[in-house]
Every structure is written in C-alpha cells, then in structure tokens.
Amino acid sequence: MALKAPKAKKIPKKLEIHGDCRIDDYYWLNQRENKAVIDYLNAENEYYGQSTAHTKTFQESLFKEMKSRIKEDDTSVPYKMNGYFYLTRFEKGKEYPIYARKNGSLDAKEEMLFDCNELAKGHDYFNLRGATISPDNTLAAFGVDTVSRRQYDIQIKNLGTGELYPDKIENTTGSSVWAADNKTIFYTKKDPVTLRSDKIYRHVLGTHTDQDELVFHEKDDTFNTFVYKTKSKEYIVIGSVSTLTSEYQILPASEPDGDFKLFSPRIRGLEYSIFHYQDKFYVLTNKDGATNFKLMRTTVDHTTHDNWQEFITHRKEVLLEDIDIFKDYYLLSERETGLNKMKVVRWDGTASYYLPFQSETYVAGTTTNIDFDTEIVRYFYNAMTSPYAIVEFNMRTKEKRILKEQEVLGGTFRKENYRSERIWAKAEDGTAIPVSLVYHKNTERNGETPLLQYAYGSYGSTIDPYFSTVRLSLLDRGFVYAIAHIRGGEYLGRPWYENGKLLQKKNTFTDFIDVSKHLIANGYTAAKHLYAMGGSAGGLLMGAVINMASELYNGVVAQVPFVDVVTTMLDDSIPLTTGEYDEWGNPNDSIYYEYMKSYSPYDNVEAKAYPHMLVTTGLHDSQVQYWEPAKWVAKLRELKTDDNQLFLDTNMEAGHGGASGRFEALKETAKEYAFILDLEGKIA
C-alpha cells in the first residue's frame, strides 16, 4: 500500500496591503514553539524516510564513497604571522578541525590552540569562528555557535596557560579585533530579534562585559556593521554596508581609547572599500559611474571622497574585484569575460604582468597573504577537472611552486578521465549566458544522458567552475554537471548583477530556463533526464523555474529555499529582511509588491504537474526561516496534479548551513544525490 503523505491543516489568514488580499492557509506554520508545527515537520521527515527507505543502503554506500576520497588526517598549508606559523589540521575519524601554531619554525613543537572535537562534545551543532591573536601572541579571542543561528559567544583564551577567561560576550558575529595594547578588543553585536549586525563595542580585558562601551550604533536597519584591522595593522576600521552603499570609520590601533574618525560619509549608491599603505589609503569604488569599479587613493589626513584621486581607471569590460598590497608590489584581482585574472604590478612601475591561466573552467584567487614585506604571493587554483592547489609565486622572479594540491583518495581519480567546457546559451532577450560543464570522458551527451544543472543567481555572488570530489559520484555514474552563470551573479561583471535584481529579477529565472532549453536542444540531455538544484536564493530560483517551466525537469532539489518572498519581505522582524530591500525591492512600495508577487514561488503554486522534488531546511535557520519551505511543500501537496515524489527533509538540530561536522555534511549530500540517482535508476 502506498504511503500517505502528511497533510497540513489549513487555517486561512488574510494578508492585505495596497488594496490586494492574499490568503495564506499555512501561515500558522511559522510558530516554532507550537507542538502541532513540530509534529507536522516530524511527520514529513517520517514520510520522507519511509518513502526513500529503499535507498537507505545506497545512501550509506554513497556517503562512504564520498568520504573515502577525503584525506582524513589532512593539514593546511601553514602561514606565517607575527613570528608564528599557523595551521589547521584534521585527524582521522574526527569531524572537526584542530587549530595549532609553531613558534619561529615549522620544525618547532606544535602548540594547540583549539581542538574543536573536544569543544563540540555534547553539542549537535558546533562552529568556531573569528579566532584572532593578540599582537603580543599571548591571547586568542574566538567565537562559538552551538545552535546554528549564527549568534556567537566570544571568549578569550590565555595561550600560555590554556585558561579561559570569564569574559563571555553573547550574541555577536563571532569576530573581534585586538587593539595594539593587547587588552582591548572591538566586536560586533547583533539585534536579538532580527539578527542584524548593528552595534560595535569596546571591551577591556578583565572588566565585566556589562561595562563594555558602545562605540558605534548603526541605526539604519538597511545596513549591517562590522569591524576589522587593516593589513598594515595600523588602523582599526568600522564598516557599514547595505546592498548599494558603504561607509567606513578609522581609528589608529595604537589609540584604543580614541574616537573613530569618519573616512567618507555614506552617499546612496556609492560603494567603496579601503586599503592602507604607507601614508595613503587606496579606495576600491564605483564612484562617478564606475560600474565595474576603479581604484583611487588619498592621504591618511584627507580621506573624504572629494579628495580621492584616480589610480586605476574604470574599464567597461573588466570587473576590479580586489587588491592585495605588499611592500614592493600590489596584486589586482580582476574578472574579464567571466574568468579570474591576477595582475602583478611594482609600485615603482618597473614591472607589470598577468599570471598565465589557460582553461575556461577554472577558479583562481589570492589566499592568506598576511606578510607585508615579501615578494611572495600565495594564490589558489582549481578547475572543474583539477583539484584545489595552493601555489606560491615569486613576484620578482616569476617562479612558482605548488605548496599543496588536494589529494583525491580512493585510487580511481585521474584528471585525464574528465572533460570540461564552457558553452554559451541564448536567453530569450538575446543575451548570451555562459555555462560551465564537466563530465567523464566516456559519457556520451545525448537524449539519454542525465544532467544536473546548478545555479544561484543573486547578491552578485558568483558560482565559479570549481573542482569537487563529491561531484565525482555523479560524473562517474554518467552525469553531466552544469553550472549556469545566470544574471544576478557577477560572473560577467557588475552589470550582470544589476540586470538580475529588483525589477529585473526575472532575468535570473528565464536565464536558467533558457540554459535548460539550450542543453536539451543541443543534445546534452532531455527533459526526462534533466535535474535542477539550488540553495537559499538559489532555492528561490528552483521555485520560480518550476512554476514557469516545470515540464523541463524530471527532478529538483531545493536546499533551504527562499520561496515565500512577499510575506518575508513585508516582515521587518525577520532576520535579513530590511537589509535586502536593495536586492529584491521593498514590497511596502506597490511597484515592488506587484513584481515580487508575480514570481514569488509560494504565491504562484498552481494546479498542474510538478517535477519530483526534494526540499530541505533546518529548524534553526536564521537566513531562510524553516516555515518558508514547510509552507511551500504543504501548498504544493494541496495543488499539484501529478503523482511525482515530493519530500520535505527538516534537520531538527541545524540551521542554514546544515550539519556542522565535515562528514555529517556529506550525509546530507548523499541524501540529495541518492534522490536524483534513484530517479535515474542508478542506485544499484
């Protein structure tokens, strides 16, 4: 007898604004403390578990297969900071990292800073972040989250004695900054309800946290604030940013009791970030219409925008993403036609060149470069067919050395067995959409070939064509994997992002659909073998495309999907809402309300056939609240006209990022892959 899917009760709620009335039958599911809500989520989990019980053994073997490729007793490439070499390592069979350092030499005795395996005991979730060392190397401040709502408690550890000081600062971002006096830290607190980062405090070691001084309060609820130290170690910086606007304040690190000075006041639409070098600040900015950003500079005494002088001009076809500053060189990180480029330049102008990269499906960028007085830069490189590598490059001699390449264990992986390519699909408005593909060399591309298409497409976040050991479990079973570089990301520069947000957001969805149509029309796959996957805002993408073109996909995995767009964006008490108005629009304005309502997945579910679907969420998710996917699944169950699978899998202990352990997270991926592979009849 077929299992009966859970059916959520309907309690109609009227939601009225702008003379429009929406009826939300499942609004009640937002009551996290309501036993009926928990019972419903548990019922969905039980239904999912029972319905996929025949894949359980396969999920376990898939998990073991993925895990077997990972070097369990692995160690990061050490980096040098203030006389110590710092490293992160994993021990065989353990879920969490160990942070350690060595004094003066890699041959010195290891000093353990944090064993997260010990700290995580007794917790279903554990995350340590923001560990920062005092200038005299004796103390470490660090943040811990054991709930997965990204609310961290900051504590301070004496690295000589191992003592944990009683100072415990709750509800922070986890990050902090030491002043030069080795006793003062600056940190960021969150609003307890919205979780917006809104206050910067000053804490002096040995004083009670109740006495911490509020040094800055970001009152504009569309902004978030943070604090950091410049690479030169000379300035502590408070940043305030919204989607479109930024503002910074600076304080000499040697004057922790001083007042922060405004670098340049916020002007709506003006974005900038700052880098200190000698007697100047370098400013990466979109000032005066520099859509793809340019580099300007100004003296430390005259920092307002009217004093900025152009240093590197704006280039229409090149996105300037970052700058790394060294004593004799600076390195520019750029993106042109979607590809990462790195340009080395001597400050005295006697040398200027690009690092050579050949592929069209690679990712490269600078990594940990803390040393200032060095001619060595470290960068990472990987391609869809080539594992992640850390490279050391001498900017003077141009000699390079691979310090470490990710090991793929198991004995079956060979780079030469895989192929990658970049193709271009035409969108409905004529725009060319780049797509990165990877597959096993023996995989034929035709109407019988299974293909998984992935994308994100929001916030200017670019999904680069990266290497994945986990993905091999699909490629080795005959799948093609495609990353669609759709508008809303920044793959082709800042205009690519601007054309996929606010009142042009639908370009993101139609781009994904047009890529799917292109892949089918050009014989890479067929609709009965095409699968789609996306998470968070990429889960919104999944919801939108199946409302618009459900016939194109056999199966869809929507991870922690943002699908109840209108209701969420109208509720300014929900974490992230107010800071997202410049991304999605403010639905209190009727123009944005109507546009948002026209694509919001939850509001556009209709009585028709939908693909097989697996929807995931976390009960403690602070970014996309669990009730969005829960309501969506309930409404889909009510209206869909097919007999296809529809599952809601709620992690009752985790949040937006899922499980915290490195291997526990693989179990979630194994579930998702098993769902797709089962639909393809490939679980034997």
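I looked up the sheet: 8 strands form an open, mixed sheet in the order β30-β31-β33-β32-β34-β35-β36-β37. Strands are DSSP E runs of at least two residues and helices H or I runs of at least four, numbered from the N terminus; two strands pair if DSSP finds at least two bridges between them. I noted that β30 (418–426) and β37 (646–651) each have a single partner strand and stand at the edges, so one side of each lacks a neighbour in the sheet. From one strand to the next the twist averages 20°.

The model is predicted, and local features need pLDDT of at least 70, side-chain atom pairs 80 or more, whereas totals for chains, interfaces and linings use all residues. Residues are numbered from 1 along each chain as its sequence is written, and side-chain values use heavy atoms, without hydrogens and water.

I then checked β31 (residues 432–440), which pairs with β33 (residues 480–484) in the antiparallel sense over 4 bridges. Val435 has Ala484 of β33 as its bridge partner.

Helix α6 (residues 506–521) packs on the sheet, touching β30, β31, β32, β33 and β34; contact means heavy atoms within 4.5 Å. The direction of α6 makes about 115° with that of β30 (axes are lines fitted to C-alpha atoms, for helices over the stretch in contact; angles run from 0 to 180 degrees between N-to-C directions). Helix α12 (residues 664–679) also packs on the sheet, its direction making about 170° with that of β36.

Last, I looked up the second largest pocket, where strand β7 (residues 127–133) gives the most to the lining, with 6 residues.
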